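Hi everyone, thanks for coming.

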Amino acid sequence: MSENVGGTTTGEQDGDRSNGGRRRLRKSYDWAKTRAQVVGVLASVIRWVGTLAALVLTVHVVLTVGGANPDNGITRFVADWSQPLALGFSNLFTPENPQLAVLVNFGIAAVFWLIITSIAVRIIRAFG
């Protein structure tokens, strides 16, 4: 039985549960929102990886063309990291001037990374 006291109702009402009158509400989960967030994060990670690879290759080109000391730790570090990032482009063209070879080959590799990551991000976002 319910009583109305001062505008509020006390006692059991229709729909009250045996757990003290509290209803347990089940929240619906928004899978579309979660999927969009995951796709966004994945696209951002891929974009950053590609940009970082292109940056390392570009720094290698700048250090080489600028005549940086090849025995310097920074120059060696960048050169060591740029070799695997160049994929098959490191000896694509073989001009006489070694600085020109680095400029062309590693420059093409940097552009390749930017294009491929841009395409990959578009494909990932299309599925999201």
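This is a predicted model: local features need pLDDT of at least 70, side-chain atom pairs count only at pLDDT 80 or more; totals for chains, interfaces and linings use all residues.

Let me begin with what I mean by a helix or a strand: helices are DSSP runs of H or I with at least four residues, strands are runs of E with at least two, and both are numbered from the N terminus. Residues are numbered from 1 along each chain as its sequence is written, and side-chain values use heavy atoms, with hydrogens and water left out.

So, the overview. The chain has 3 helices and 2 strands, and from the N terminus on they come in the order β-β-α-α-α. I'll say "buried" a lot, and that's under 20% relative accessible area; exposed is over 50%, and partly exposed is in between, all with a 1.4 Å probe and counting protein chains only. Of the 128 residues in the chain, 20% are buried. The chain exposes about 9,800 Å², and carbon and sulfur atoms supply 62% of that; such areas come from the Shrake-Rupley method with a 1.4 Å probe, and for residues only the protein chains shown count as cover.

Now helix H1. The expected span of a helix is 1.5 Å times one less than its number of residues. For the 35 residues of H1 that gives 51 Å, and the end C-alpha atoms are 51 Å apart, so the two agree. Quite a few H1 residues are buried, including Val-39, Gly-40, Leu-57 and His-60. What do the buried residues of H1 pack against? They pack against H2 and H3, where contact means heavy atoms within 4.5 Å.

Find Ala-43 for me, which sits in helix H1. Its relative accessibility is 0%, so Ala-43 counts as buried. Skip its neighbours within four places in sequence, and Ala-43 is in contact with Val-121, Ile-124 and Arg-125. Ala-43 and Gly-128 are 85 residues apart in sequence, yet their C-alpha atoms are 9.7 Å apart in space. Just after H1 comes Gly-67, with a positive phi of about 80°.

On to H2, residues 73-85. Its 13 residues should span 18 Å, and the end C-alpha atoms are 19 Å apart, which agrees. At its start, a side-chain oxygen of Asn-72 comes to within 2.7 Å of the backbone nitrogen of Ile-74. That's a polar contact: a pair of N or O atoms within 3.5 Å, where within protein one must be able to donate a hydrogen and the other to accept it, and residues adjacent in sequence count only if both atoms are side-chain atoms.

Which residues of H2 are buried? Thr-75, Val-78, Ser-82 and Leu-85. They cover an arc of only 90° around the axis, which puts them on the same side of H2; the arc is that of the directions from the helix axis to the C-beta atoms. The face turned away from that buried side carries exposed Asp-80 and Pro-84. The buried residues of H2 pack against helix H1 (31-65) and helix H3 (98-127). Take Thr-75: leaving out residues up to four places away in sequence, Thr-75 touches Leu-63, Ala-68, Asn-69 and Pro-70.

In helix H3, look at Thr-117. Thr-117 is buried, with a relative accessible area of 5%. The Thr-117 side chain reaches the backbone oxygen of Leu-114 at 3.2 Å. Not counting residues up to four places away in sequence, Thr-117 touches Ile-46 and Gly-50.

Last bit: rings. Rings of Phe, Tyr and Trp (its six-membered ring) pair if their centres lie within 6.5 Å; planes under 30 degrees apart are stacked, over 60 edge-to-face, and the rest tilted. By that rule there are 3 aromatic pairs. In one, Phe-77 and Trp-81 have ring centres 6.1 Å apart and planes at 55°, so the pair is tilted. Phe-89 and Phe-112 have centres 5.1 Å apart and planes at 50°, so that pair is tilted too. Phe-89 is buried at 18% relative accessible area, while Phe-112, at 29%, counts as partly exposed.
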